[in-house]
Amino acid sequence: MRQPVMIALARFWSPALTVEGLFAGLPFLFDHFEFIPSPTPDFMLVGDGPGDLPSNRAVRIFYTGENVRPDFSTCDWAFSFDYDEELKNPRHLRLPNYKRLGAGRNLIKDTSPGRADLILAGKSRFCNFIFHNDVAFRNEFFDRLAEYQPVDAPGHCRNNMAPIGPFASPTESRYAAGYPAHKLAFMAPYKFTIAFENAAYPGYTTEKLYHAMLAGTLPIYWGNPLVHRDFNTGSFLNAHDYPSIDALVARIIEIDRDDALYLQYMREPWYPNNQITPYVDDARILQRCREIFAGSRARAEA
């Protein structure tokens, strides 16, 4: 029997958003909890958007998928990108955006002989770049790499090809119908994917690296300087390991021209030792939710 949880949401990107929509990539939660929308909730799930904080007496649970720190003077619990070992607050749990979107055992790689060769055989294009927001360092890298070979950009930023699927709207929407399946299908034929974040901050790893991995491309990553805690940096190109853009571009050119070197990267597991990390461990997240919602049953039975 699922535990009922009377809940409401505030300060998210859409007033129509539900808990099921927000955490669709965490289906195990809905096996254990029945989230019931309520005007008088026991719990408030609060985002980092504009607007006043709710004035009710509900337990506040902060969640953000952005590079924002939780303010524990305004919330009782928090989920964010921050590493727990850095934040050191017992009311916080690291829940990176890529986990919210479904990362877990689906990134345990098939390392059987010949698997990477099959992936390489399916590559027909060089590199893709799918972004809406202009970020100076990211755009500079795009321009520099495009001097070697054209980089396909179907999004709003640096657009150089006909927009397709969810990228056909004026803004690239992560919530468009068919997204991210259409995005992954678009990315699959490419040898490389530029997976730069909007900013560099410890722990801030979004869906960009995750989607490149799911699509079976070789990610070129910049963002979280501690990304080695999350993923095996031998399986992708980590810009933080290179002294300059030119050095990174030179390495990409070297890999592009050497199939054996490309296969060396693609044979590496995404996770360290090909095992999930604590950050994508369902049991860890479930345990914290049980801790948070422990009072809900007591109130229901009172």
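This briefing describes the fold of one protein chain, from its overall build down to single residues.

The model is predicted: local features need pLDDT of at least 70, side-chain atom pairs count only at pLDDT 80 or more, and totals for chains, interfaces and linings use all residues. Residues are numbered from 1 along each chain as its sequence is written, and side-chain values use heavy atoms, with hydrogens and water left out. The protein chain has twelve helices and ten strands. Helices (H or I, at least four residues) and strands (E, at least two) are DSSP runs, numbered from the N terminus.

**Overall build**

- The radius of gyration of the protein chain is 21 Å, close to the 19 Å that the globule rule gives for 302 residues, so the chain is as compact as a globular protein of that length. This radius is taken over C-alpha atoms, and the rule is 2.2 Å times the number of residues to the power 0.38.
- Along the principal axes, the C-alpha atoms fill a box of roughly 70 × 40 × 35 Å.
- Of the 302 residues, 50% count as buried. Buried means under 20% relative accessible area, exposed means over 50%, and partly exposed is in between (1.4 Å probe, protein chains only).
- Take the contacts between residues at least 6 apart in sequence: 64% of them join residues at least 24 apart. A contact means heavy atoms within 4.5 Å.

**Surface and charge**

- The accessible surface comes to about 13700 Å², and 52% of it belongs to carbon and sulfur atoms. Accessible areas come from the Shrake-Rupley method with a 1.4 Å probe; for residues, only the protein chains shown count as cover.
- The chain carries 31 positive and 35 negative side chains. Lys and Arg count as positive and Asp and Glu as negative, while His and the chain ends are not counted.
- The centres of the two charge sets lie 3 Å apart. Each charge is placed at NZ of Lys, CZ of Arg, CG of Asp or CD of Glu.

- Strand β1 (residues 3-10) runs parallel to β3, joined by four bridges. Two strands pair if DSSP finds at least two bridges between them.
- Leu9 stands opposite Leu45 in β3. Leu45 also stands opposite Ile61 in β4.
- Strand β3 (residues 43-46) is covered on both faces. Phe43 and Leu45 are buried on one side, Met44 and Val46 on the other.
- β3 and β4 run parallel, with four bridges between them.
- Strand β4 (residues 59-63) is joined to β5 by three bridges, again in parallel. Phe62 has Ala78 in β5 as its bridge partner.
- Strand β5 (residues 77-80) has both faces covered too. Trp77 and Phe79 are buried on one side, and Ala78 and Ser80 on the other.
- β5 pairs in the parallel sense with strand β6 (residues 92-94) over three bridges. Here the partner of Ala78 is His92 in β6.

**The sheet from β7 to β10**

- Four strands form an open sheet in the order β7-β8-β9-β10, with parallel pairing.
- The edge strands are β7 (125-128) and β10 (237-238), and each pairs on one side only.
- Strand β8 (residues 190-196) and strand β9 (residues 218-222) run parallel, joined by five bridges. Ala195 has Tyr221 in β9 as its bridge partner.

**Helix α8**

- Seven of the eight residues of helix α8 (residues 207-214) are buried, so the helix is largely enclosed by the rest of the structure.
- The buried residues are Glu207, Lys208, Leu209, Tyr210, His211, Ala212 and Met213.
- Their cover includes α4 (97-100), α6 (136-146), α7 (181-187), β8 and β9.
- Gly216 follows α8 and has a positive phi, near 75 degrees.

**Loop residues**

- Most residues other than glycine have a negative phi.
- Lys88 is not a glycine, yet its phi is positive, about 55 degrees. Lys88 lies in the loop between α3 (84-87) and β6. Lys88 is exposed, with a relative accessible area of 68%.
- Asn273 is not a glycine either, and its phi is positive at about 60 degrees. Its loop runs between α10 (259-266) and α11 (282-292). Asn273 is exposed, with a relative accessible area of 68%.
- Gly122 lies in the loop between α5 (115-121) and β7. At 47% relative accessibility, Gly122 is partly exposed.
- Gly122 and Gly216 are 94 residues apart along the chain, and their C-alpha atoms are separated by 10.0 Å.
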